[in-house]
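Please consult the sequence and structure shown below while reading.

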Amino acid sequence: MTHIDVRSARPDEWAAVGGLRWDSLLEFGGVPDDDRAVFAARFAEWAASNGATHECIVAVDADGVVVGMAWLARTLRVPSARSFHRASADLQCAYVVPGLRNDGVGGRLIDAVVAHARSLGVERVTVHSSPRAVGVYERHGFASEARLLHRPVEHDDIVTARD
């Protein structure tokens, strides 16, 4: 197995992370609006502007190439009488390059995101998983819960309608 370092992404890696995000769309049959380089540059700007609520954990190989990612998106919650400062989070955009899947890299990313959420005092982490990834999330402590509901918001664009 190749040596993989799992850690917080650095600003100089955000374009590479954006490239992985672009790759994931193509892999699952989507059609990008921009070419990879343009999207990656726009993505890096977005990451720089949204660091207060979105943090990226990356998997980096021995050559320094970003080969996986997972994001923690935090949301402040309404204060309660028991706990005034509250937050929840969503694990988003987990992706590992195809050649390193089934080697534990995805699980290490999941564990790192949850550990980071714990260090921030987040109450819970949710994930909207693809069907093929449900098992890995379950192996890392995620479970379905009858009280956690969601409702898709309908839009005219096909990407949102499919998701």
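What percentage of the 163 residues of the protein chain count as buried? The share is 32%, where buried means under 20% relative accessible area, exposed means over 50%, and partly exposed lies in between (1.4 Å probe, protein chains only). This is a predicted model, in which local features need pLDDT of at least 70 and side-chain atom pairs count only at pLDDT 80 or more, while totals for chains, interfaces and linings use all residues. Residues are numbered from 1 along each chain as its sequence is written, and side-chain values use heavy atoms, with hydrogens and water left out.

**Fold and dimensions**

- The protein chain contains five helices and five strands, taken as DSSP runs numbered from the N terminus (helices: H or I, at least four residues; strands: E, at least two).
- Read from the N terminus, the order of elements is β-α-α-β-β-β-α-β-α-α.
- The C-alpha trace spans about 50 × 40 × 30 Å along its principal axes.
- Among contacts (heavy atoms within 4.5 Å) with a separation of 6 or more, 60% join residues 24 or more positions apart.

**Surface and charge**

- The protein chain exposes about 10600 Å², and carbon and sulfur atoms supply 53% of this area, computed by the Shrake-Rupley method with a 1.4 Å probe.
- The 18 positive and 22 negative charges have mean positions 8 Å apart.
- In this count Lys and Arg are positive and Asp and Glu negative, with His and the chain ends not counted; each charge is placed at NZ of Lys, CZ of Arg, CG of Asp or CD of Glu.

**Cysteines**

- A search of the whole structure for disulfides (pairs of cysteine sulfur atoms within 2.5 Å) finds zero.
- C56 is in no disulfide, and the nearest cysteine sulfur, that of C93, lies 8.7 Å away.
- C56 counts as buried because its relative accessibility is 7%.
- C93 counts as partly exposed, at 24% relative accessibility.

**The site of E13**

- E13 lies in the loop between β1 (4-8) and α1 (14-27).
- With a relative accessible area of 5%, E13 is buried.
- Not counting residues up to four places away in sequence, E13 touches R7, S8, V58, V60 and V66.
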